[in-house]
Every structure is written in structure tokens, then in C-alpha cells.
Amino acid sequence: MSAIPALSVSGLRKSVPGGRLLFDGLALTVRPGEIVAIMGESGVGKSTLLNLIAGLDVADAGEIKIDGGDLSAMSDDQRTILRRDCIGFVFQAFHILPHLTLAQNAALPVLLSGGGEAQGLSRARALLAAVGLEGRAGSYPSELSGGEMQRVAIARALIHRPALILADEPTGNLDPESAEKVLTLFAQQTRDARAAAVIVTHSDRVAAVADRSLVLTAQGLILRGQ
Ligand SMILES: Nc1ncnc2c1ncn2[C@@H]1O[C@H](COP(=O)(O)OP(=O)(O)OP(=O)(O)O)[C@@H](O)[C@H]1O
Ligand SMILES: [Mg+2]
């Protein structure tokens, strides 16, 4: 196991613009190959926590390290590069671009970081096949179901071999059967790539594929069932 955690959070404090404190002293460590589920009531701050980890929002205090790099010690430009190179995202609303083919969508992180187009597209085709979309690389998102779209999002999240994958309710708008398939693929691909993943979810089935399930409360993250 690598000595460097994929994600290490300590002493994290965040209050919302109105002044209400969401959490303080929050700590979380996720190692390469580990999948952690974060649950908790609506409005408790789960998406806010993911945004902080992604460097899209700024904490009041605390430290966030991704693959050993300290977010707070970075400039905006450095944070952007870290986000692009070291993090993969899977969001509820997919963010799949309609005018690009599935392969182009999946290859986007590689193309954005100036990687080779041919190589990016070839890896995209391999990943699309791995998530059950073999032969669909040239299709457009309008030809896909919700579950298929989410599988494209998983391929895209993995394509640049990120150290950390952040997923916010990745199966939130899928039927139970598609959700199950997408989840199994997500867990398998994440573990194969030795990436770490943090999945925010309301679903027990999602939590069941995780190595650890934590609940975010006003008192911080607590191990589920305790
Ligand atoms: N820009 C903002 N200004 C004021 N309050 C905000 C702002 N953004 C978020 N909040 C508040 O912060 C709290 C946490 O929001 P967040 O989206 O992180 O919750 P969540 O745990 O992801 O909820 P859900 O399960 O419903 O997605 C909420 O009470 C929300 O109203
Ligand atoms: Mg949320």
C-alpha cells in the first residue's frame, strides 16, 4: 500500500455564507484503492465537502492534501492543474456534452490536459468497453439511457488515471437495476485502477460497495452504525 494517502483532510471547518457552521475539525483519510461512502441528511454539507476537496470552494480552516499535495498552499492555477490531473468526477447530472461522441466525452480529461488525441480516444474506447458500451464509442449522448450516460461519466472519470475520484450521488436518478450495474462497474474500475473514491450517497446499496461508510453530521464524520 502506498505510503501517501490519495486524500488526507484534517481540521476542516466550513460555514455557509449566512454564518451557520456546517462542520469543524473534520478529518478524513482515504488510501489508494479504497472506496468511502459519505451519507447524511439533506443540507448537512456533503456536496460542500466534495467541492472543498475538489478545490472548487474554500474552507475557513483546515488542511486538504490530494496525493500528497496541499491544496491551501497552492495558487488558483496550481489548484486547477491538480483538479484536472489528479481528480476524476462523477456527478448526478452527468455533465456529458451532447455534441461530442461518447469516445470524445470520455477522452475529454486527456484532451484538456494536452494528452495525445489518438491515445486518449483509444483508451476511451477501451474504458467504454469495460463499462459495457463496446462498439458505442461513435454514438452521441442523445442515443443513450440514463444508466448508459452514467457509465460514460465513469469512463471519463477514470481516463486520466486520477489518484482520487469524487462522486456526488452518482446513481441518484437511475432505476435500481441500472444503479446496481453502474455501481458494480464503478467499484471494479476504481479498484482496478488503484484509485481512491469518495461517493456521496443516500443509498444503502451504494454504501454496500464501499470499504467504509461514514455519516456526516454537525459533529463531523462518524463511522456508520456507531
Ligand atoms: N451559497 C450558499 N449560500 C448559503 N447557504 C448555502 C450556499 N450553498 C449551500 N448552502 C447551504 O449549505 C448547506 C449544505 O449544502 P450541501 O449542498 O452541501 O448539502 P448536502 O448535504 O449535499 O445536501 P443534499 O443531500 O440535499 O444534496 C445547506 O443547508 C445549504 O442550504
Ligand atoms: Mg448534495
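The residues of the shell around ligand 1 comprise four nonpolar, seven polar and one charged (Ala, Val, Leu, Ile, Met, Phe, Trp, Tyr, Cys and Pro count as nonpolar, Asp, Glu, Lys and Arg as charged, and the others, Gly among them, as polar). This is a predicted model, in which local features need pLDDT of at least 70 and side-chain atom pairs count only at pLDDT 80 or more, while totals for chains, interfaces and linings use all residues. Residues are numbered from 1 along each chain as its sequence is written, and chains are lettered from A and ligands numbered from 1 in the order in which they are written.

Select ligand 1 and its surroundings, which include Val16, Pro17, Gly18, Lys46, Ser47 and Thr48; a residue is near a molecule if its C-beta atom, placed from the backbone, lies within 6 Å of it. Helix H1 (residues 46–53) supplies the largest share of this shell, three residues. Helices are DSSP runs (H or I, at least four residues), numbered from the N terminus.

Next, select helices H5 (residues 146–158) and H6 (residues 176–192), which pack at an angle of about 10° with their axes 9 Å apart. Axes are lines fitted to C-alpha atoms over the stretch in contact, and angles run from 0 to 180 degrees between N-to-C directions. H5 is therefore roughly parallel to H6 (angles under 35 degrees). Among the contacting residues are Ile154 of H5 and Phe186 of H6; contact requires C-beta atoms, placed from the backbone, within 7 Å.

Finally, select H3 (residues 102–112) and H4 (residues 117–130), packed at about 125° with axes 8 Å apart.

Methods
Helix = DSSP H or I, 4+ residues; strand = E, 2+ residues; numbered from the N terminus. Parallel < 35°, antiparallel > 145°, perpendicular 65-115°, else oblique. Contact = placed C-beta atoms within 7 Å.
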